[in-house]
Amino acid sequence: MEEALLKIREVSKHFGGLYAVNEVDLDIEEGGIWGLVGPNGSGKTTLFNTILGLYKPDHGAIYFNGKCISNLAPHDIYGQGVVNAFQLPRLFNQMSVLDNMLVAARGHQGDKCLYSLFWRKSWQAQEEGLIEEALDILKLVDLGKCTFSLAGELSGGQRKLLEVGRGLMAKPRLLLLDEPAAGINPALGKSIFQKLKDFSCNGTTFFIVEHRLEILFEFANWVYVMNRGRMVAQGEPHDVVNSPAFYEAYLGEE
Amino acid sequence: MAPVFMVENVNAGYGDVVIVHGVSVKVDEGEIVAVVGPNGSGKSTLLKSILGFAKLFAGSIFYQGKDITGMASDRAVSMGIGYVPQVNNVFPNLTISENLDMGAYHRKGRASVKAGLKEIFEMFPELEVRENALAGNLSGGERQMLAIARAMMAQPKVLLLDEPLASLSPKPVSVILSKLRKIKEAGTAIIIVEQSVKKALSVSSRGYVLVQGTCAMEGEASSLFAEESSKQRYLGLEAKGY
């Protein structure tokens, strides 16, 4: 069997006595859209933050591309190609939409002292290429008309789209998206998922938390269900929808 | 018999954004009804719009047969409408008895407040034993109980509860539910907004299901989720034909 791109083994994260993530196992193979669902407070965002290195797991290990990343700093995990888009966009409000995109690209040559001093042509060519890519992605997320606007002037939905665009700009191997369709009208939400699906054909793997189940289930290859910190169900959308544990997670027990 | 409290065809939201579309809910005297729905379905916005904390774009609110649409929240409370928000629902730097005193703001005379306090402590003996404890030091369940007790100090005829079971572990949940039954038996009607669907329906006679701001289903609490398709409808998955 092919080695999973992301492998989580018995990961727990607690805050005082509260186990936000409790002995979670999970495998994500390369390519496609993978969903993570569960009611409020079930531990989805904590699991995301643990994958991203924002929290260190109290127990267990996380492997990306065969390498343990549990103890790496967030920027090192980003460097490996694990990128995220936050639920509440964290943009540079005083910078243009285009500049926000460019900041997100990985491996800027101009960041290195020697390159910036002696290989001007090289990093300029790279930047020009990045601008082309950024413009393409902005079109893809329906922000083409806002390229030179300040990020702080965007509406709530547009900010969300820019956050997704920035994630794509980093050319991630694994992009974690926290509720990309929240606060966006259903038609646009669906079209974003369609575009993510297209992107996934080019090798990017998406791991998505989404409360708009009807959109996620239409596009996801595989869905994990969390409840009270534990992974309680998983499978193809059709199987999850017919699983009692899925409904118990959302409707609660009597 | 006219319902003690009713909202009719309410459109509500924030700024220019309409979140709740044409929702109607009613509760009879001494009845508990549940308004359930997934995240972002508009449950809390509906409650907030009743008391003016969210914008009411259209629709009417009736209390004891009287149209009270647009009434100031303090007047609504003094008329007999109690409201317990989901968070920030106690004064953390005040003691339990001071919090209860704040709930009795509209009651006239010290004797009346004292009598109210006695009644509340009979219903919530857990609070009496800790009456001098700061509300900020209480557990989640105790805090929620205090918030409900504080609202009861105003002698409401109808109590609006916004997710009183959220983030509570099973034991405090069953304690809160038993308190709600007692409040109902004492004659106060309750509208409970909840995501713990089955728990909320277990104490309710009827339920309303909100999905993306509209009322997708309503009916007897015991039969609301009897069919598999209703569970899919609750999660917005029905149209996909799984």
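1. In this predicted model, B:Ala12 has B:Val20 as its bridge partner in strand 2 of chain B. The pairing to which strand 2 of chain B belongs is antiparallel, with seven bridges joining it to strand 1 (residues 5-14) of chain B.

2. These strands form part of an open sheet of four strands in chain B, whose order is 2-1-4-5 and whose pairing is antiparallel. Strand 2 (17-27) and strand 5 (66-67) of chain B are the edge strands, each of them pairing on one side only. Helix 1 (residues 43-50) of chain B lies across strand 1, strand 2 and strand 4 (55-63) of that chain, and runs at about 110 degrees to strand 1 of chain B.

3. Between the chains, 17 residues of chain A are in contact with 18 residues of chain B. On the side of chain A that touches chain B, the elements giving two or more residues are helix 8 (213-219), helix 9 (237-241) and helix 10 (244-251) of chain A, and helix 8 of chain A gives the most, with four residues. By class, this side of chain A has seven nonpolar, six polar and four charged residues.

4. Two backbone angles deserve a check. A:Glu23 is partly exposed, because 14 other C-beta atoms lie within 10 Å.

5. B:Asn88, which is not a glycine, likewise has a positive phi, of about 50 degrees, and lies in the loop between strand 6 (81-84) and helix 3 (96-103) of chain B. With 8 other C-beta atoms within 10 Å, B:Asn88 is exposed.

Technical notes:
Residues are numbered from 1 along each chain as its sequence is written. Chains are lettered from A and ligands numbered from 1 in the order in which they are written. This is a predicted model: local features need pLDDT of at least 70, side-chain atom pairs count only at pLDDT 80 or more; totals for chains, interfaces and linings use all residues. Two residues are in contact if their C-beta atoms, placed from the backbone, lie within 7 Å. Ala, Val, Leu, Ile, Met, Phe, Trp, Tyr, Cys and Pro count as nonpolar, Asp, Glu, Lys and Arg as charged, and the others, Gly among them, as polar. Two strands pair if DSSP finds at least two bridges between them. Axes are lines fitted to C-alpha atoms, for helices over the stretch in contact, and angles run from 0 to 180 degrees between N-to-C directions. A residue is buried if 20 or more other C-beta atoms lie within 10 Å of its own, exposed if 12 or fewer, and partly exposed in between; C-beta atoms are placed from the backbone.
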